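User: I would like to go through the terms used for this model and see what each one rests on. Please set the values against the definitions.

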Amino acid sequence: MASSSTLLVVDDEDLLRWSVRQRLEAEGYRVLDAATGGEAGRLCDEESVDLVLLDVRLPDGDGLALLQRLRHSSPDTLVILMTAYSTIESAVEAIKEGAYHYVNKPFEMDELMLLVEKALETTALRREVRALRARESEPYSFEYIIGASPALEEVKALLRKITASPAASTVLLTGESGTGKDLIAKVVHYNSERAAGPFMHIICSAVPEALLESELFGHERGAFTDARTRKKGLLELADRGTVFLDEIGEMSPGLQAKLLRFLEEKRLKRVGGTEDIALDVRVVAATNRDLEQEVREGRFRQDLYYRLSVLPVALPPLRARLGDTALLARYYIDCFNREFRRSVRALSPAAAEALDAHSWPGNVRELRNVIERAVLLAEGDVLELADLAPLSGAARGDGAFALPPEGIDFDSLERDLVAQALHRTGGNQTRAAALLGMNRDQIRYRIEKFGLSAREPGS
């Protein structure tokens, strides 16, 4: 670490500045020095400085002024203050202003070296975390929302306005299953001022109702039989970040009331707790249900619906995104070429025509699964119509994985897809879930919901 770190020593005492520099250089650091705040500021503008050892009293002003400047111009640069006039009040003020630490003059050189080493470890850790977060957020930039249709461009324009605003207003994502609501939720988070904060995702339908409250709000020790320790909920863990509540329409009325209180007050109580905990959390909710209809039928609270839909974003189905099917197919071909080490280069005219003609009731998720299978099993470098099962199988009527007719209601469609997936995989829930782009909890929920049997999928 030493050979790659640049340190700046700022002090008007020539002897102290020289002795500190000599010791730091002996430890292998690159060292700059300055006798005034103005000179130090110029060096920080010209050089990439990792750590500043800064005297509080300088000939041309207060060292704290330089500390404040560095906080804004170079937030990664840590500052250790050196002072011969230390008091508890001045130490507290220094830390408040953003100093990493402070030392009293005269100081032991070995102690200063230990403090320098710890400060540089902190700097390296901060940069590593920033780099990891940058890599994590890269797949959720706007360029990964694939498509150029007018319907999708309208959604992108709205999302850019939402992410550019410093407000933490609630976002409600609506649209059919498979339209990419989970991707859009992450786009909202990673392109906003909250990108450095945590992103917490929970599928409301995948967690038993009895546990969902604890998962969201946390619990105190002894709140219920198995609550042996205090636990923070996802809302608390997401402080200064985002919580994505997927399938919000599945939430029970009692929990809806508690979520409404949190959204209105930005405070919560853990299960079994009495203390109000203030939080700064953006909530992004998603549903494939018609919540207005759910409100009319008494299954969803009207006040919660209005609170969630401050910023509504309706994601269009793939069949309404003219021209996007080919762009998405090409994108997924490239992705699966890399993943499976294949070299598929194109779609045949017949295959391209079949993709355009299909109604895609499963939307982007269905298209992704079709392309994944085609790239994995294709024998040549061009995808033919025969490679696009179930599309080609449905056209031939050979009993392959077929889709229900258009116009069927969503629950019937969903039940039919789950039943066919189970039948096709011989009742293997893990493989059936993968076929539908779900996890095991999601498909188990639907098996119970529709009264299906994993071993008798058509019953």
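Analyst: A contact here means heavy atoms within 4.5 Å. In this predicted model, Ile248 touches Cys204, Leu259, Ala285, Ala286, Thr287, Leu291, Phe300 and Leu308, leaving aside residues up to four places away in sequence.

User: What makes Leu308 count as buried?

Analyst: Buried means under 20% relative accessible area. Leu308 has 0% relative accessibility, so it counts as buried. Leu308 lies in helix α12, which covers residues 302-308. Its contacts, again without residues up to four places away in sequence, are Thr170, Val171, Leu172, Ile248, Leu263, Ala285 and Phe300.

User: Is Thr123 buried or exposed, and how do you know?

Analyst: The relative accessible area of Thr123 is 3%, and the cut-off for buried is under 20%, so Thr123 is buried. Thr123 sits in helix α5, residues 109-137. Beyond four places in sequence, Thr123 touches Asp50, Asp76 and Leu78.

User: What makes a set of residues a nonpolar core, and which members of the largest one touch the most other members?

Analyst: The members must be buried residues of the types Ala, Val, Leu, Ile, Met, Phe, Trp, Tyr and Cys, joined through side-chain atoms within 4.5 Å. The largest such core has 31 residues, and Leu216, Leu235, Leu245, Ile248 and Phe262 touch the most other members. Elements giving two or more residues to this core include α8 (209-217), β10 (242-246), α10 (253-265), β13 (282-287) and α12. The most comes from α10, with five residues. A second, separate core has 21 residues, among them Tyr332, Trp360, Val370 and Leu388.

User: How many helices and strands does the protein have, and why is it called more spread out than a compact globule?

Analyst: There are 19 helices and 16 strands. The globule rule gives 23 Å for 459 residues, whereas the radius of gyration is 29 Å, well over that value; the protein is therefore more spread out than a compact globule. The C-alpha trace spans about 90 × 60 × 40 Å along its principal axes. Leu308 and Trp18, 290 residues apart in sequence, have C-alpha atoms 62 Å apart.

User: What share of the residues counts as buried, and what share of the contacts joins residues 24 or more positions apart?

Analyst: Of the 459 residues, 46% count as buried. Among contacts with a separation of 6 or more, 68% are between residues 24 or more positions apart.

Key: Residues numbered from 1 in each chain as written. Predicted model: local features only at pLDDT ≥ 70, side-chain atom pairs only at ≥ 80, totals over all residues. Heavy atoms only, no water. Helix = DSSP H or I, 4+ residues; strand = E, 2+ residues; numbered from the N terminus. Rg over C-alpha atoms; globule rule 2.2 N^0.38 Å. Buried < 20%, exposed > 50% of the residue type's maximum accessible area, 1.4 Å probe, protein only.
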